[in-house]
Amino acid sequence: MRFPSGLVEGRLIRRYKRFLSDIELLTGETVTAHCANPGSMLGLAEPGSRVWLSKSNNPKRKLAFSWELIEVDLGRGPALVGINTSSPNGAVAAAIERGLIPELSGYASIRREVRYGTGSRIDILLEDDTRPPCYVEIKNVHLMREAGLAEFPDSVTARGTKHLGELSGMVAAGARAVMVYFVQRGDAEAFALADDIDPAYAATFQTAVAAGVEALAVASSVSLEGLGLPRPIQVRTRARATASS
């Protein structure tokens, strides 16, 4: 997935009100950019960090700039991290259509944002006359506190916990259900649950997996041009504190 236009570099001044960020561009100009990320962005909002913005040509937009990337270093050298949570759904859908996620290949049709459960929408619904439908929920991942280990969530997510319960319900009804954790950073080697941040989510995840919900994690390289092709990484299904391969 490529960014719509060349990115603009700056330095983060602050992130505030969840969806706003002040950035000082290399020209010295300060702009307010949209931050498409409702999470805590733990470790990814340090003032002074190098960041990159995309700019919209739509004159009706209130904020022309959107924050896309930040540079971080966990001791292995600088790495780019994608912070826009609207990116993973399209990237996963494109990867499925191109057969890049074997576990989700072979379905005749793919639909997005289909209503299901109790007032929810599934990110992707895969359908085929020869097999049960497959409900695919996608979660953006960018938290990393230990080099190489991506984690989710970065804050308490009651909505995410609800989605796990609804996926379990789909399995009970005879469908297939898959959680895809999409990591927007190329330095990820494995994925684990941040059980210390949201114990309820971690517990519900374990229950969902026991009920038949599948879990996949893929990581994408990140560059100033866009997100690279996803590659599978190990999912540690135990809670982070007791994770084992």
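Start at G212: this residue follows helix α3 and has a positive phi, near 115 degrees. Helices here are DSSP runs of H or I with at least four residues, strands are E runs of at least two, and both are numbered from the N terminus. The model is predicted, so local features need pLDDT of at least 70 and side-chain atom pairs 80 or more, while totals for chains, interfaces and linings use all residues. Numbering runs from 1 along each chain as its sequence is written, and side-chain values use heavy atoms, without hydrogens or water.

Step back to α3, residues 199–211. Its 13 residues reach 18 Å from first C-alpha to last, close to the 18 Å expected at 1.5 Å a residue (1.5 Å times one less than the number of residues).

Select Y201, A202, F205 and A208. These α3 residues are buried (under 20% relative accessible area; exposed is over 50%, partly exposed in between; 1.4 Å probe, protein chains only). They cover an arc of only 120 degrees around the axis, so they sit on the same side of α3; the arc is taken from the directions from the helix axis to the C-beta atoms. On the other side, P199, T207 and A210 are exposed.

With Y201 and F205 they form one aromatic cluster. Zoom in on Y181: at 0% relative accessibility, this residue is buried. F191 is also at 0% and buried.

Finish with two charges over rings (NZ of Lys or CZ of Arg within 6 Å of the ring centre and within 35 degrees of the ring normal). R14 has its charged end over Y16, 3.7 Å from the ring centre. R131 lies over the face of Y107, at 4.1 Å.

How values were computed:
Phe/Tyr/Trp six-rings, centres within 6.5 Å; stacked < 30°, edge-to-face > 60°.
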